[in-house]
Every structure is written in C-alpha cells, then in structure tokens.
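The structure comes before the text.

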Amino acid sequence: MNKILETNRLVLREFENSDAENMFELNSDREVIKYTGDKPFESIKQAKYFLSNYSDYKKNGFGRWAVIEKETNNFIGWCGLKSNEDSFVDIGFRFLRRFWGKGYATESAKACLDYGFQKLNLNEIVGRANKENNQSICVLEKIDMSFWKNGSCCGDKSAVYYRINKTQFETKSFPPK
C-alpha cells in the first residue's frame with residue numbers, strides 16, 4: 001500500500017487494481033455521479049482498466065487517492081488533487097453514498113489541502129462543483145475555500161469555482177496534524 005496521508009479516521013493511498021469493484025460501485029451510483037458529467041463504468045473490467053491506466057501519480061507526483069476508513073479498512077471513496085487543463089490544481093472528492101454525511105469529505109479534503117500547500121508547495125488550489133451540488137459546495141466552504149467565479153467545467157456550463165491560496169490556508173485554524 002502506497003499511503004500518502006493519514007487523518008484521525010482515514011488513510012489516503014494511491015489507487016490499486018484491487019479497488020476496481022469499489023470504483024465500479026462508486027461510479028455506478030447515479031446519485032454519486034449526478035453532477036460530475038462522468039458516465040458510469042459499464043463493468044468492473046472497465047473500472048480496472050481505468051485504474052491500470054491512471055497516470056496522474058507518475059505525471060504530476062499527485063492525483064486522486066483512495067480513501068480508506070481506518071476502523072474497517074474499507075474503501076469509502078476518493079479524494080485528492082488534480083493538475084487541471086486550465087493550469088491550476090483542483091481538489092475533488094467522491095464517496096460511496098452510505099458514507100455521506102459523516103464528515104469524511106471535509107476531513108480528507110482538509111488533509112489534501114495541507115498536503116498540497118505543505119508538501120507540494122502549491123500556491124493555490126481550486127475547487128469546482130455544479131451550482132446545484134449543495135453538498136460539494138458545503139464541503140468547499142467548510143475547508144475555507146472562497147467563491148471565485150461562475151464558469152464551465154467538463155462541459156457543465158453551470159459550475160461554480162472556489163479557491164484558497166497558501167497564505168489563506170496557513171492563517172486558518174484547521175491544518176491537520
């Protein structure tokens with residue numbers, strides 16, 4: 001296991017081919033992908049192909065990471081950073097629906113911000129969501145990101161953009177230890 005981060009309740013690690021069944025379940029739930037613009041995986045084999053060809057770790061030195069619940073050692077979703085085609089790094093997260101409302105997105109996203117600013121020495125991180133995706137917007141606000149602009153994201157013309165810079169992050173009270 002290539003562990004990247006650890007919080008009180010979670011471990012974030014690189015994706016593994018053994019995550020294929022969980023990724024299939026995650027991306028097959030239409031409520032989970034409702035605002036993402038992603039199509040569901042058609043099979044576990046397709047999810048495994050995606051994982052086998054996920055190149056962000058080698059290309060950028062970071063990416064989206066599997067989120068593992070420490071107490072059960074179960075895959076519960078993913079969270080992480082992504083180098084974007086618009087020349088910025090964005091934070092993203094997606095969780096199995098049965099784990100919604102437990103604070104896992106906020107907890108893992110805070111840890112990813114800390115990693116991005118402290119380990120990767122990034123200057124700014126952006127978060128994007130469909131303007132109707134109130135749950136994701138709430139997470140972005142809980143991690144002290146500020147509304148930046150309306151825009152398009154992955155073909156979605158009704159996206160909102162949030163951002164936080166390193167200085168703003170360092171003045172907040174929450175960086176995980």
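Lys149 lies over the face of Tyr161, at 5.0 Å from the ring centre; a charge sits over a ring if NZ of Lys or CZ of Arg is within 6 Å of the ring centre and within 35 degrees of the ring normal. The charged end of Lys149 also sits over the ring of Trp148, 4.5 Å from its centre. The model is predicted, so local features need pLDDT of at least 70 and side-chain atom pairs pLDDT 80 or more, while totals for chains, interfaces and linings use all residues. Residues are numbered from 1 along each chain as its sequence is written, and side-chain values use heavy atoms, without hydrogens and water.

There are 11 aromatic pairs in the structure, counted when ring centres of Phe, Tyr or Trp (its six-membered ring) lie within 6.5 Å; planes under 30 degrees apart are stacked, over 60 edge-to-face and the rest tilted. Two of these pairs are tabulated here.

| Pair | Centre to centre | Angle between planes | Class |
|---|---|---|---|
| Phe15 and Tyr57 | 6.5 Å | 45° | tilted |
| Trp148 and Tyr161 | 5.9 Å | 80° | edge-to-face |

Phe15 lies in the loop between strand S2 (10-13) and H1, and Tyr57 in helix H3 (residues 56-60), so this pair ties together parts 42 residues apart in sequence. Helices (H or I, at least four residues) and strands (E, at least two) are DSSP runs numbered from the N terminus. Phe15 and Tyr57 are both buried, meaning under 20% relative accessible area, with exposed over 50% and partly exposed in between (1.4 Å probe, protein chains only). Ring pairs link Phe15 and Tyr57 with Phe41, Phe50 and Tyr54 into a cluster.

Trp148 is in strand S7 (residues 146-153) and Tyr161 in strand S8, 13 residues apart. Trp148 is partly exposed at 28% relative accessibility, whereas Tyr161 is buried at 3%.

The structure holds zero disulfides, a disulfide being a pair of cysteine sulfur atoms within 2.5 Å. The sulfur of Cys79 has its closest cysteine sulfur in Cys112, at 3.8 Å, which is too far for a bond. Cys79 is buried, with a relative accessible area of 0%, and Cys112 is buried with a relative accessible area of 0%.

The lining of the largest pocket has 50 residues, among them Thr36, Trp78 and Arg94, which are listed with those nearest its centre. A pocket is an open set of points on a 1 Å grid over the protein atoms alone where a 1.4 Å probe fits, with protein on both sides within 12 Å along at least five of seven lines; lining residues have an atom within 4 Å of a point.
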